Amino acid sequence: MRWTNALIPTLKESPADAEITSHKLLLRAGLIRKLAGGLYTFMPLGLRVLRKVEQIVREEMDRAGALEVLMPALQPPEIWQATGRYETARDVLFKVRDRAKKEWVLGPTHEEVITTLAAGEINSYRQMPKNFYQIQVKFRDEIRPRFGLMRAKEFIMKDAYSFDATDEAAQLSYQKMYDAYTRIFERCGIQSFPVEADTGVIGGKFSHEFMVPAETGENDVVYCESGKYAANIEKASSQGPLAATPKESTGAAVEKFATPGVVTIEALAKEPYNVAGHQQIKTLVYLVQGKLVIVLMRGDDQLNEAKFVGQIGTNEFRAATADEIFGAMGARPGSLGAVKTAMKSEIPVYADEVLRGAKGMTTGANEDGFHFRHVEIERDIEVNYWVDLRTVKVGEFCVATGLPLKIRRAIEVGHVFKLGTKYSEALKATYLDESGVAKPCVMGCYGIGITRTMQAIIEQRNDKDGIIWPIAVAPYQVCITPLGVAPGSPTMLVAEELYAALSAKGVDVILDDRDDRPGVKFKDSELVGFPIRIGIGEKSLAKGEVELKLRGGELTPLKKEDALAKVLELVGK
RNA sequence: CGGAGCGUAGCUCAGCCCGGUAGAGCACUUGCUUUGGGAGCAAGACGUCGCAGGUUCAACUCCUGUCGCUCCGACCA
């Protein structure tokens, strides 16, 4: 490609609506342009990168034995109703109507479609295992699209779905994808690491997310430096809080005391009360599918909503309003408690495991301006469910190694998930086993955000001058930069010769034939991030040399006649 | 949806508080000079100041509404 024939609209300044580095660079390097919030056009160079990422994914999926298909983005709502997700996923579903006013949904994911397909095509245990994948555009009515390609209304995903006869076989399919993902991200030139992930409403314990460490990521990952444990904070557990929960009795019965104006854990921890956070029981009230539920946490702990969803089995919940709470409890937030004798109505109580056996605790008295002390949870509170609901904190000890845990931000680029039979049962994807008994297929699903991965590469690989593409996904691997471009000039002759030779060898090469000052051409090639630049100027040419510049590396002279071989070696041809 | 902010030239922004002639830099066009790290000079083209109402002799500026965008929170690849 000749630069003058390409469209590479680089920008000196960052557009005002880009916040994070990778988003700014996507725009500045002319890789994407925004049409509207969460909707982007891939420019010629951006599309080249996207295609290369796709190709790596395709090769690794094929290698893992998955079969490529292409499913419709436009889907009938009936299959979504069959799995119940027409309701549970309604917030992200885009819906459209055809001329007959019939409704359709734009696929945010394809479990329903692939399972419908499998229901028709897979009838025998002999046909499994099978794994189908596609690379396709998804539509999600995101609550808040942001950071360019990171979270978009429309994005490209590789989604794969495995079908197996047994749990054990499904585990094998899962492992294959896990391994393929590791290779994919490695080939894309980014550091990624798998972490245990929350399984949400589906449940089960087999789910991993592939994370790329980045301060701008939207996830918190809890990890042990030994490398033996890493989990999304939504899922993470530890040996427990650093301060032990009090277990010593302080009184034979609860005692009410006045706490005028005290409505926070912090306020109760100060003079004149001096009740530390870990000596308090925090009482939260949620509305789960229209019914009130009480959640008890230790005062210094945070409720992990993802864990809570796993326990209640639905994501249809919200914090109760102050009015709803007052109606049921007779007090306002800040004075709430679940002590039996002070309860006005029957409300199920979930208590965090950390509170088990707690004695000498302080909690709200269900009366504004009063608290109870000497609370012993098993004696004074009717707990219906003991569950793990707390959010892990930095410095708590790792369950696996006993070392202190750390937390860092990361971008989720992939997710592997063992689904079980939720979808196969709902959509009747059954097979006959050896003994002729019909059973639902055991499924797994595996996603990679292709467009997000592309941005994650930039987020991880950049410097003050621009993007630093790895060879494997660079829009062009080599940029030839003659400093004089007059036809027939010595620099241009050498440039043309090298360009022709590299092109003939199948190297992705761009010739910067613009009649611009050297500074402009250098800046642009570094901003866009071509991994290899061959500079051709009259000074070095006089010595029979050209200049090799690796992006992010030093300028090194190279004998003119060695240039071709050196570049071929660098790009691995 | 809750909270915060921003909409003025292709891009980055000033002007608005205190109403009266639409501005700068970059990019673009033409010419001359320059030519190893985002050049200089000169000339030029580019705007219904997001949109709709209102106040006013007069609105980019004040008021109301509305739409869009960005950021923080809940959602996810």
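**Close-up views of a predicted model**

The centres of domain 2 and domain 3, taken over C-alpha atoms, are separated by 68 Å. This is a predicted model, in which local features need pLDDT of at least 70 and side-chain atom pairs count only at pLDDT 80 or more, while totals for chains, interfaces and linings use all residues. Residues are numbered from 1 along each chain as its sequence is written, chains are lettered from A and ligands numbered from 1 in the order in which they are written, and side-chain values use heavy atoms, with hydrogens and water left out.

**View 1. The domains of chain A.** Chain A has domain 1 (17-219 + 407-459), domain 2 (255-387) and domain 3 (476-571). The bounds come from an automatic or database domain assignment.

**View 2. The largest cavity.** The structure holds one cavity of 30 Å³ or more. On a 1 Å grid over the protein atoms alone, a cavity is a set of points where a 1.4 Å probe fits but cannot get out; lining residues have an atom within 4 Å of a point. The volume of the largest cavity is about 50 Å³. Its lining consists of Ser-525, Glu-526, Phe-530, Arg-533, Lys-549, Leu-550 and Arg-551. Helix 14 (518-528) and strand 30 (545-550) each give two or more residues to this lining. Helices (H or I, at least four residues) and strands (E, at least two) are DSSP runs, numbered from the N terminus.

**View 3. The second largest pocket.** This pocket holds about 310 Å³ of space. A pocket is an open set of points with protein on both sides within 12 Å along at least five of seven lines. Of its 23 lining residues, Lys-282, Thr-283, Leu-284, Pro-333 and Gly-334 are the closest to its centre. Strand 14 gives the largest share of the lining, six residues.

**View 4. Helix 13 against helix 16.** Helix 13 (residues 490-504) and helix 16 (residues 563-571) pack at an angle of about 40°, with their axes 10 Å apart. Axes are lines fitted to C-alpha atoms, for helices over the stretch in contact, and angles run from 0 to 180 degrees between N-to-C directions.

**View 5. Two cis peptide bonds.** Met-128 and Pro-129 are joined by a cis peptide bond, with omega about 5°. Pro-129 lies in the loop between helix 5 (111-121) and strand 7 (130-139). The bond from Glu-271 to Pro-272 is also cis, with omega near 0°. Pro-272 sits in the loop between helix 7 and strand 14.

How values were computed. Points joined across faces, edges and corners; volume = space filled by probe spheres on them.
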